[in-house]
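Subject: Structure for your review

Dear colleague,

Please find below the structure that I am handing over to you, with the sequence beside it. My findings follow directly after it, and I would ask you to read them with the model open.

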Amino acid sequence: MKITIHGISFQKEFVPYIEKLIDVLHGHGTDLFLTETFSKYMKKSGAKATGFTVLGDRGQLADMDFVISVGGDGTLLDTVSLVGEYEVPIVGINTGRMGFLATIAKEDVAKAVQVLFDGEFTIQDRILIHLEADQKLFNGVPYGLNEFTIHKRDTSSMIIVHTYIDGEYLNSYWADGLIVATPTGSTGYSLSCGGPLISPSAKNFVITPVSPHNLNVRPMIVSDESEITFSIEGRSKKFLISLDSRSTAVDASVKLKVKREKFVARLVKFHDYSFFDTLRKKLNWGFDMRN
């Protein structure tokens, strides 16, 4: 089995868990690869690990059986952008805080690897959001797992986002910004702005305004078959747009449209995983004396 490990960074206290992960994978006869970024942090942290190959070209991911993401949810989002159209199943090991996406605790790496090799898991296909623009943005990686966001810059005045669904005018949002989130992203930025929680298997996007000027404006759920188009107005000449954690500045002349990506992110979920159980734990549902 060929497996690649990817991570953005990690603190030194996580080194023993990473060393254990690599040892356990070797114990199963894994043909092991590390991304260049992860390999650099391994050397920097002084981690003792051998028997791996540094991934020289992204195209090598096409031959992988799994990619293991070591970090928090942000790292898993980065892993999704790395894997992209190759649709290699991703295993998330959580060394972060929330763990909505990277659900495997660092203490359980040995158990997780055993379960992986025993085949006791399912693969969930998560839709991605794709950005079309009349200029090249995001270094040729125009998709994200969580959300696409339009936002004002710094402390400038609010912006106006004219929004169209399949060419039909929806609304002009006077706000600090606008979010279009996938079901996966509904537990992130959209949720903090008052958006609804959406089951990962739903076929929807949710449009959520950020600090809207009109109090009667509410989040709206639309089909993920929709194409959503925007034009932006504001006193500032530049605005921020983002895909997950990647941001860039654009001017008002840029033409923006989002729709469902042609490929999906494939996340490995073990049989004891439950989305609703995760919601209860992460959002502290049920912490009520009446329960």
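The second largest cavity holds about 40 Å³ of space, in what is a predicted model. Its lining is made up of I68, V91, I93, I104, A112, V113, L116 and F270. Sorted by class, these are eight nonpolar residues, with no polar and no charged ones. Helix α4 gives the largest share of this lining, namely three residues. Both β5 (90–94) and α4 supply at least two residues each.

How many cavities of 30 Å³ or more does the structure hold? There are three. The largest cavity contains about 50 Å³ of space. Around the largest cavity you will find F14, Y17, I18, L21, V70, I93, T95 and V109. Helix α1 (residues 15–27) contributes three residues, the largest share of the lining of the largest cavity. By class, the lining of the largest cavity has seven nonpolar residues, one polar residue and no charged residue.

Next, the largest pocket. The space in the largest pocket comes to about 490 Å³. Its lining consists of 20 residues, and those that lie nearest its centre are T103, I104, A105, D272 and Y273. Two or more lining residues come from each of β6 (104–105), α4 (109–118) and α6. Which element gives the largest share of the lining of this pocket? It is α6, with four residues. The lining of the largest pocket is divided by class into seven nonpolar, six polar and seven charged residues.

The mean pLDDT of the chain is 91, and 99% of the residues score at least 70. Helix α6 (residues 275–282), which supplies part of the pocket lining, has the lowest confidence in the chain, with a mean of 83. The highest confidence, at 98, is found in strand β12 (residues 177–181).

One position carries an annotation. The UniProt record, an unreviewed entry, places the feature "active site" at D73. D73 belongs to helix α3 (residues 73–83). Is D73 buried or exposed? Its relative accessibility is 17%, so D73 counts as buried, the limit for that class being under 20%.

I also searched for aromatic pairs. The whole structure contains five of them. One of these joins Y143 and F263 in an edge-to-face arrangement, with 5.1 Å from centre to centre and 85 degrees between the planes. Y143 sits in strand β8 (residues 143–144) and F263 in strand β18 (residues 256–270); they are 120 residues apart, and the pair thus links distant parts of the chain. Both Y143 and F263 are buried. Another edge-to-face pair is formed by F275 and F276, with a centre-to-centre distance of 5.5 Å and an angle of 70 degrees between the planes. F275 has a relative accessibility of 15% and therefore counts as buried.

Most residues other than glycine have a negative phi. F138 is not a glycine, yet its phi is positive, at about 55 degrees. F138 lies in the loop between β7 (121–133) and β8. Its relative accessible area is 10%, so F138 is buried. D166, which is not a glycine either, has a positive phi of about 50 degrees. The loop that holds D166 runs between β10 (159–165) and β11 (168–175). Where F138 is buried, D166 counts as exposed, because its relative accessibility is 52% and the exposed class begins over 50%.

Yours sincerely,

A colleague

Technical notes. Residues are numbered from 1 along each chain as its sequence is written. This is a predicted model: local features need pLDDT of at least 70, side-chain atom pairs count only at pLDDT 80 or more; totals for chains, interfaces and linings use all residues. Side-chain values use heavy atoms; hydrogens and water are left out. pLDDT is the predictor's confidence in each residue, from 0 to 100. On a 1 Å grid over the protein atoms alone, a cavity is a set of points where a 1.4 Å probe fits but cannot get out, and a pocket is an open set with protein on both sides within 12 Å along at least five of seven lines; lining residues have an atom within 4 Å of a point. Grid points are joined across faces, edges and corners, and a volume is the space filled by probe spheres set on the points. Ala, Val, Leu, Ile, Met, Phe, Trp, Tyr, Cys and Pro count as nonpolar, Asp, Glu, Lys and Arg as charged, and the others, Gly among them, as polar. UniProt positions are given in the numbering used here, feature names are shortened, and annotations may be inferred rather than shown by experiment. Buried means under 20% relative accessible area, exposed over 50%, partly exposed in between (1.4 Å probe, protein chains only). Rings of Phe, Tyr and Trp (its six-membered ring) pair if their centres lie within 6.5 Å; planes under 30 degrees apart count as stacked, over 60 as edge-to-face and the rest as tilted.
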